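Welcome, and please open your viewer. Could you walk me through this structure, telling me what to select next and what is there?

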Amino acid sequence: MSAELEQLTEAIESRLAGLDRIGIGEEGFTRLAWTDEDAAAARWFTEQATELGLTVERDRAGNLWAIPHVPAPWFTVGSHLDTVRDGGRYDGALGVACAFEIAAASDKPLAVVSFADEEGGRYNSPTFGSRALVGRLDVPEALDRTDADGVSLRQAMTEAGVDPALLASATEDLSRVKAMIEIHIDQSRELFEAGAAAGVVSSLASRMRLAVEILGEADHAGTTRREERRDAMAAAARLIVSALDLAEPNPGFVVTPGKLLVEPNAPTTVPSRVQLWLDARATAPELLEKWRAELEQGAQLIAAAGRVEIAIETAAHSLGVVFDERVREALQAAAVANGSSADAVVCFAGHDAGVIGEQRPAGMVLVRNERGVSHSGAEYVEVADAAVATRIVIDAIEELA
Ligand SMILES: [Zn+2]
């Protein structure tokens, strides 16, 4: 490793170490949005910014900014400091730590951002801060949401010192961003398998979440003859298998039957009602559309055969984002120049850079993750790999700015 990379590695590690005690528990880190841990992370952010002579501001969505002394818009680098419950050391935090090193090394005036509530761990509102900026947040609905303790987002934001009445006008804060680049831990083993320390993301995968309701009829598990049954659970099982099988021909297509609610949920009663959630992700939106149409056809056959009713609703749908070509090319060229020349990867998780990328030029660099584990205390990256990613972004910004 070159002396410069070694120095960069140490600097990133030392910044990360400053976050090591914030929200640490037995199983990992818990820094949910609008909590004391979130506020402690914000104090860390302020320390990093002040050292570099940047001014800290919080925008109307609660995003933290370390801004240079030139008027907006700025070339922006960053990620997020919140975690899921029992999350890892690197998801989000690594990108913010690297962003401060990028700002320190670059001779261009850069802004560092830490987006509010990226994980959505408390209000099921992932990429909250970036969606507020691009106007993709249903503000009244979001503010009324409550956490597990019954605290509304409106109340939590107020207690954290962010005025919820201004949230709807956070869209005006997007004008701060000229372009954005995010460094993030790879949440798959793709870069490790490609033998690259860091890799450029070409696009974020298309995603679809389906909410399925299946209505049958509760009856006795012993005395109800097979041809009389209206078994909602048996139909759900067939639908799950069908959803997985339909995705099968495409290796990059993943389907997760993540949640199932059964009524009456009794061992000796034919189930009368099932609610099922299916999460599907693919490299292109057309693949999801085709899958959904075929699933709908299959559902009709399953419903007829099982004498049940099946209603499939699209609960969430994102076409995915193709990152800005110029940013991508600059990052790819810098990756090659820094000896980390994997093919550009498609990322299957949602990220703030993807949200911002809907309206501004944006890009992402992922850092190799040998085991592919994330959202867990066991999450791990070599910080030396993050130093390579940092170098790639510094060089790319030199080219772009
Ligand atoms: Zn993240």
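**The whole chain.** Keep in mind that this is a predicted model. Show the protein chain as a cartoon and you will find twelve helices and 15 strands. Its C-alpha atoms fill a box of roughly 75 × 45 × 40 Å along the principal axes. A compact globule of 401 residues would have a radius of gyration near 21 Å, and the chain's 23 Å agrees with that. Buried residues make up 48% of the 401 residues. Of the contacts with a separation of 6 or more, 76% are between residues 24 or more positions apart.

**One residue.** Now select S130, which sits in helix α4 (residues 128-134). Is S130 buried or exposed? S130 is buried, because 33 other C-beta atoms lie within 10 Å. Leaving out residues up to four places away in sequence, S130 touches F115, D352, V355 and I356.

**A pair of helices.** Next, select α10 (residues 325-337) and α12 (residues 383-400), whose axes come within 8 Å and cross at roughly 130°. The two helices are therefore oblique to each other, and their crossing is right-handed. To see where they meet, show R326, V327, A330, L331, A334, A335 and A337 in α10, together with I392, D395, A396, E399 and L400 in α12. The residues of this contact divide into nine nonpolar, three charged and no polar.

How values were computed: Residues are numbered from 1 along each chain as its sequence is written. This is a predicted model: local features need pLDDT of at least 70, side-chain atom pairs count only at pLDDT 80 or more; totals for chains, interfaces and linings use all residues. Axes are lines fitted to C-alpha atoms, for helices over the stretch in contact, and angles run from 0 to 180 degrees between N-to-C directions. Helices (H or I, at least four residues) and strands (E, at least two) are DSSP runs, numbered from the N terminus. Angles under 35 degrees count as roughly parallel, over 145 as roughly antiparallel, 65 to 115 as roughly perpendicular and the rest as oblique. A crossing is left-handed if the near helix is turned anticlockwise from the far one by less than a right angle, and right-handed if clockwise. Two residues are in contact if their C-beta atoms, placed from the backbone, lie within 7 Å. Ala, Val, Leu, Ile, Met, Phe, Trp, Tyr, Cys and Pro count as nonpolar, Asp, Glu, Lys and Arg as charged, and the others, Gly among them, as polar. A residue is buried if 20 or more other C-beta atoms lie within 10 Å of its own, exposed if 12 or fewer, and partly exposed in between; C-beta atoms are placed from the backbone. The radius of gyration is taken over C-alpha atoms; the globule rule is 2.2 Å times the number of residues to the power 0.38.
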